Amino acid sequence: MWCYRGGSISTEPRINDRIRVPEVRLVGPSGEQVGIVPLAKALELAQEYDLDLVEVAASARPPVCKLMDYGKFKYESAMKAREARKNQAHTVIKEMKLRPKIDPHDYDTKKGHVVRFLKQGDKVKITIMFRGREQSRPELGYRLLQRLASDVEDLGFIESNPKQDGRNMIMVLGPHKKKTEAMAEAREAQAARKAERQGVAHTEDEAPSEDAAVEVDDTTEVASAEATEAAAEEAPADEANAEA
């Protein structure tokens, strides 16, 4: 009886001695078509070029194999996948909760967070929380949501109109700027700040310090004083010689 014991199934292509077919359709190192050759001949060519024989199309008849540096190929593929993940934009929905009778200072703070989220290219879910008798005044929440949407209309738009959900009223704001654009601008701004810091540090290194200037002045004053004392000591000797 056949029994599957589990275990991982390799997704990597077969290379070199792991290839078990009598002949292959060979592709050269530069992509040129060599043709259908025996497996032994393909392995001999791989050894001659100091490369690997890699099965790139196992389902073909005969299988297609290519001469390549498999270690380098895996490294470059991993770098491309990493770069793709780095530039991939994930849609994120941030949430901001407000009360219908919010304090003006708190409103400005909350609005600042919404502005930051929209600048980052994220959606923002605005939730107005009603308590007690506030539930009988839904127009307060509606007006607050409209006010917030108006204050940030340069950065976002109303993606989902305000609607009542139990004790809460919800509205979703969408950014005008795509996530990828926001990420690119953030990287450019970070690079600009880094270049500016490096420029300032370079300028400070080149500029002479005040301590060095003071030290030079002090050295000059000491040298002048020593010269004056030496002249004063020589003067009496000259007068004595003149009298003699």
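How many helices and strands does the protein chain have? This predicted model shows six helices and eight strands.

**View 1. The whole chain.** From the N terminus on, the elements run β-β-α-β-β-α-β-α-β-α-β-β-α-α. The protein chain holds 244 residues, and buried residues make up 23% of them.

View 2. An α-helix has 3.6 residues a turn, so residues three or four places apart point the same way.

**View 3. The salt bridge between Glu12 and Lys74.** The closest N and O atoms of this pair are 3.2 Å apart. Glu12 is in the segment before β1 and Lys74 in helix α2, so the pair links distant parts of the chain, 62 residues apart. Glu12 is partly exposed at 40% relative accessibility, and Lys74 is partly exposed at 38%.

**View 4. The salt bridge between Glu55 and Arg14.** Here the closest N and O atoms are 2.8 Å apart. Glu55 lies in strand β3 and Arg14 in the segment before β1, so the pair ties together parts that are 41 residues apart in sequence. Glu55 counts as buried at 5% relative accessibility, whereas Arg14 is partly exposed at 28%.

**View 5. A patch of positive charge on the surface.** Arg82, Arg85, Lys86 and Arg187 gather in this patch. Helix α2 (residues 70-87) gives the largest share, three residues, and Lys86 has its place in this helix.

Methods:
Residues numbered from 1 in each chain as written. Predicted model: local features only at pLDDT ≥ 70, side-chain atom pairs only at ≥ 80, totals over all residues. Heavy atoms only, no water. Patch = residues over 30% accessible without salt bridge, like charges linked within 9 Å, V, L, I, M, F, W, Y side chains within 5 Å. Areas by Shrake-Rupley, 256 points an atom, 1.4 Å probe, with all protein chains shown as cover. Salt bridge = Lys/Arg side-chain N within 4 Å of Asp/Glu carboxyl O. Lys, Arg positive; Asp, Glu negative; His and termini not counted. Charge placed at Lys NZ, Arg CZ, Asp CG, Glu CD. Helix = DSSP H or I, 4+ residues; strand = E, 2+ residues; numbered from the N terminus. Buried < 20%, exposed > 50% of the residue type's maximum accessible area, 1.4 Å probe, protein only.
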